[in-house]
Amino acid sequence: DRLTEHGYRCLAPNQRGYSPGARPPRRRDYSFENLADDVAALIDEIGGGPVHLVGHDLGAAVSWFLAARAPEKVRSLAVLSVPHPASFKEALLSSRQALSSYYIYLFQFPRLPELWMTRRGGRGFARGLKGHTRENAMRDVRAMIDTGTLTPALNWYRAMPATLVGPE
């Protein structure tokens, strides 16, 4: 609200996998290149940019890819919680980051993460969500399970090994 009060038009799209009408089944459909192309298409749809782009978590990784692939579309870039892909790769090889990112490796297995996350109504999955109240975590987990978003959300992680290096 504060940004729109100052004349900015703000978009927070449901990206690939989160909208029922845009859930391709293959993991490679969720590569950062494809996800960045989706954002570029949205920018084109609203006038072509350049835009002030903000990305958080995996959206931050997508933002890095878009800024590298189409810098003419990005006036400024704010990424939250995810370093540049080259720095992340270096950290995986030279620090405890690989251990901290263990879940990315676990998510590579087909169907097993979904079985674990949905057992007992998603309570175990909800307990693993840090920074959420138990009630909000269960609400979000149930929404992912009930709307069919869980597998597409995991496909974002499953596509990572093919695109982890990213733009330099």
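The buried residues of helix α3 are Leu58, Gly59, Ala60, Ala61, Val62, Ser63, Phe65, Leu66 and Ala67. Here buried means under 20% relative accessible area, exposed means over 50%, and partly exposed lies in between (1.4 Å probe, protein chains only). Because 9 of the 12 residues of α3 are buried, this helix is largely enclosed by the rest of the structure. Helices (H or I, at least four residues) and strands (E, at least two) are DSSP runs, numbered from the N terminus.

The model is predicted, so local features need pLDDT of at least 70 and side-chain atom pairs count only at pLDDT 80 or more, while totals for chains, interfaces and linings use all residues. Residues are numbered from 1 along each chain as its sequence is written, and side-chain values use heavy atoms, with hydrogens and water left out.

Charged side chains come next. The structure holds 7 salt bridges, a salt bridge being a side-chain nitrogen of Lys or Arg within 4 Å of a carboxyl oxygen of Asp or Glu. One of them joins Arg69 and Asp37, with 2.9 Å from N to O. Arg69 lies in helix α3 (residues 58-69) and Asp37 in helix α2 (residues 32-45), so this pair ties together parts that are 32 residues apart in sequence. Both partners are partly exposed, Arg69 at 43% relative accessibility and Asp37 at 36%.

Asp44 is partly exposed at 44%, whereas Lys73 is buried at 12%. A further salt bridge connects Asp29 with Arg26, whose closest N and O atoms are 2.7 Å apart. Asp29 is buried at 9% relative accessibility, and Arg26 is partly exposed at 42%.

What about the rings? There are 6 aromatic pairs. Rings of Phe, Tyr and Trp (its six-membered ring) pair if their centres lie within 6.5 Å; planes under 30 degrees apart count as stacked, over 60 as edge-to-face and the rest as tilted. Among the pairs is the edge-to-face one of Tyr18 and Trp156, with 5.9 Å centre to centre and 65° between the planes. This pair links distant parts of the chain, as Tyr18 is in the loop between α1 (2-5) and α2, and Trp156 is in helix α10 (residues 150-158), 138 residues apart. Tyr18 is partly exposed at 34%, but Trp156 is buried at 3%. Ring pairs also link Tyr102, Tyr103, Phe107 and Tyr157 into a cluster.

Tyr102 also belongs to a nonpolar surface patch, together with Tyr105, Leu106, Phe109, Leu112 and Leu115, with about 660 Å² of accessible area together. The elements giving two or more residues to this patch are α6 (102-106) and α7 (112-118), and α6 gives the most, with 3 residues. Patches are made of residues with over 30% relative accessible area and no salt bridge, where like charges are joined within 9 Å and nonpolar side chains (Val, Leu, Ile, Met, Phe, Trp, Tyr) within 5 Å. Accessible areas come from the Shrake-Rupley method with a 1.4 Å probe; for residues, only the protein chains shown count as cover.
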